[in-house]
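Dear colleague,

Please find below the structure that I am handing over to you. The notes that follow it set out what was found.

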Amino acid sequence: MKKRKKIPKRMLAIAALVDHSKVLADVGCDHAYISINLLENGKADRIIASDLREGPLKTAKDNINLTDFKDRIDTRLCPGLEGFEAGEVDTVLISGMGGMLVKEILSEGIRVVEAADTLILEPQSDLRVVRAYLREIGFEIVDEDMLKESGKYYQIMKAVRSETGQVSENDIGLITEDEFGPVLIRKKHPVLKEFLLNRKAHFEALLHNKEFIESQKDSENDRITVIDKELKMVTAALSRF
């Protein structure tokens with residue numbers, strides 16, 4: 001097998017949350033690095049790697065052709081889960097996208113999602129929205145990881161179908177858990193703690209900045225109230241460490 005580019009730490013962390021899949025959908029596969037890594041480590045029998053853009057999908061095909069897995073990875077040009085049939089995959093993996101887009105893909109592909117057992121998601125924004133939606137469609141978050149790479153924080157979540165849905169195990173409120181991660185909080189994850197401490201310092205600095213406070217007096221957007229609410233959530237989450 002020819003040598004390929006080293007896979008980023010973020011992608012390794014995403015792949016690590018996959019236990020084993022008979023058929024996995026790698027939605028928005030980009031260069032197919034995660035798909036290839038999963039097969040190399042025996043975490044999937046077969047993978048369907050999709051992307052809505054021809055360029056990245058061609059790069060994915062080129063990378064796949066450098067491996068011994070050409071007969072175990074199919075590629076599809078389609079947005080989200082539009083090119084998939086219900087029951088075709090047991091695991092749906094979506095990474096490298098904003099949270100609102102992740103929710104949209106899950107919602108528009110709900111028949112495929114409802115027939116799957118496991119979701120591996122790495123939304124890069126609007127985490128609260130994604131976690132709340134998982135609860136709404138009957139999935140429970142059973143594992144999470146968080147890392148910092150190139151100065152940016154990433155959260156990854158693994159959700160499985162549940163009869164009861166997500167149940168809060170903390171006393172800090174679902175909104176706070178949805179924002180920072182119920183499992184990350186329960187694990188007392190060190191990267192989450194670092195993130196929370198940084199956010200706390202940032203919010204407190206703003207609320208003690210006279211120039212900032214003065215600038216908000218005649219502002220139509222009440223940023224001070226928003227920051228105060230966010231600070232309370234951060235403080236509540238930190239109380240669990």
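Buried area is the accessible area, taken with a 1.4 Å probe, that two parts lose on being put together, summed over both. This is a predicted model, in which local features need pLDDT of at least 70 and side-chain atom pairs count only at pLDDT 80 or more, while totals for chains, interfaces and linings use all residues. Residues are numbered from 1 along each chain as its sequence is written, and side-chain values use heavy atoms, with hydrogens and water left out.

I begin with the two domains. The chain is divided into domain 1 (9–167) and domain 2 (170–240), with bounds that come from an automatic or database domain assignment. Their contact (heavy atoms within 4.5 Å) takes 16 residues from domain 1 and 19 residues from domain 2. The C-alpha centres of domain 1 and domain 2 are 29 Å apart. Between domain 1 and domain 2 the buried area is about 1,500 Å², and carbon and sulfur atoms give 52% of this.

Five salt bridges are counted between the two domains, a salt bridge being a side-chain nitrogen of Lys or Arg within 4 Å of a carboxyl oxygen of Asp or Glu. The side chains of Glu179 and Arg128 form a salt bridge at 2.7 Å, N to O. On the side of domain 1 that touches domain 2, helix H6 (127–136), strand E6 (139–149) and strand E7 each give two or more residues. E6 gives the most, with eight residues. Helices (H or I, at least four residues) and strands (E, at least two) are DSSP runs, numbered from the N terminus.

Leaving aside neighbours within four places in sequence, Ile175 is in contact with Arg128 and Met233. Ile175 and Met233 are 58 residues apart along the chain, and their C-alpha atoms are separated by 8.3 Å. Ile175 is exposed because its relative accessible area is 52%; exposed means over 50%, buried under 20%, and partly exposed in between (1.4 Å probe, protein chains only).

Strand E5 (residues 118–123) is mostly covered, with six of its six residues buried. Thr118, Ile120 and Glu122 point one way from E5, whereas Leu119, Leu121 and Pro123 point the other way. E5 runs parallel to strand E4 (residues 91–97), to which six bridges join it, and antiparallel to strand E7 (residues 152–161), to which four bridges join it. Two strands pair if DSSP finds at least two bridges between them. Leu119 stands opposite Val92, and its bridge partner in E7 is Ala159.

Why does Lys158 count as buried? Its relative accessibility is 10%, so Lys158 falls in that class. Apart from neighbours within four places in sequence, Lys158 has contacts that include Leu17, Asp19, Thr118, Leu119 and Ile120.

Lastly, helix H2 (residues 33–40) is largely enclosed by the rest of the structure, because seven of its eight residues are buried. These are Tyr33, Ile34, Ser35, Ile36, Asn37, Leu38 and Leu39. The buried residues of H2 pack against several elements, among them helix H1 (9–16), strand E1 (21–27), helix H3 (54–64) and E4. Just after H2, Gly42 takes a positive phi of about 65 degrees.

Yours sincerely
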